[in-house]
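Me: Please take a close look at the aromatic pairs here. I would like the ring geometry and the exposure of each partner.

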Amino acid sequence: MTASELDAFAAAMSEVLDRCVWSQRETHESLVTYLIEESYELVDAIEAGTREDLLEELGDVLWQVVFHAEIARRTPSEGFDVQDVAANVRAKMVRRHPHVFAGETAETPEDVVRLWTAAKRAEKRERKSVLEGIPRSLPALALADKTLGRAASVGVVADAAAPAFADEGELGDLLLGIVAAARAQGLDAERALRTRLRALAAEVQAAEQPA
C-alpha cells in the first residue's frame, strides 16, 4: 500500500465514522469480537483459502486496525492515528532487526531469535515476570504453548510424560481424543487446561522470587 492509498483508506474510515450511525457508537471494547472473528477468518484463508480469500481477509483485518486508529484519533485521551500506528511498528521492527538495520550479524534463524529476544527484553525491562505480555485471552492450547516456553526460561518445566508423535496428524488425533473423552465425562477441556495453566503461572512466579 502506498502512502497515498493509506491516506485514502484512513480518509474513507473517517467518512464512515462521520456518517454511519452504527460505526459512531462503536468503541475499542465493542469491536473486539469483530477483530477476533476477522482474525480467525484470515487464518482460515491462509490455511485453506484462495489468493482472493487471502486478499479479502487481510483487508478486513486492516479495516479493523484503521477503525481502532480512527477511534483513537477522535479520543482526546488517546490522540493518535493510523500514521502513528505505522510509525510505531516500523520503529519497533527496526529495533528488533539489528542484523538488518544496525550492523549486527545473524547467520542462522537461531541468531535472529537471539537478537530479537534481546531487543525485546531491553524494551520491556520494566516487566517483573516472564509471563507478562502473554495475552490471557489466547485459546488454551496457544496459551499453554506460550506459557510453557516462558516457564522453561526460568527453569520451571511441566511434566511432559507423553508419547512421542510421528507427526502433527498423530498429535491431532490424541488431542481430539482427549476433548472427546472430556466431553463424554461432562468435563470442559478448555477450562481444565486454563486451570492447570494458572497453577503453572503460580509456579513460575514463585521461581522468580528472590531466594
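Reply: Trp63 counts as partly exposed, because its relative accessibility is 27% and the class lies between buried (under 20% relative accessible area) and exposed (over 50%), with a 1.4 Å probe and protein chains only. The model is predicted, so local features need pLDDT of at least 70 and side-chain atom pairs count only at pLDDT 80 or more, while totals for chains, interfaces and linings use all residues. Residues are numbered from 1 along each chain as its sequence is written, and side-chain values use heavy atoms, with hydrogens and water left out.

A search of the whole structure gives 2 aromatic pairs; rings of Phe, Tyr and Trp (its six-membered ring) pair if their centres lie within 6.5 Å, and planes under 30 degrees apart are stacked, over 60 edge-to-face, the rest tilted. Trp63 pairs with Phe9: the ring centres are 5.5 Å apart and the planes stand at 40 degrees, so this pair is tilted. It links distant parts of the chain, with Phe9 in helix H1 (residues 3-19) and Trp63 in helix H4 (residues 51-73), 54 residues apart. Helices here are DSSP runs (H or I, at least four residues), numbered from the N terminus. Phe9 is buried, at a relative accessible area of 18%.

Trp22 and Tyr34 have ring centres 5.8 Å apart and planes at 75 degrees, so that pair is edge-to-face. It too links distant parts of the chain: Trp22 lies in helix H2 (residues 21-24) and Tyr34 in helix H3 (residues 32-48), 12 residues apart. Trp22 is partly exposed at 32% relative accessible area, and Tyr34 is partly exposed at 33%.

Definitions and conventions
Helices (H or I, at least four residues) and strands (E, at least two) are DSSP runs, numbered from the N terminus.
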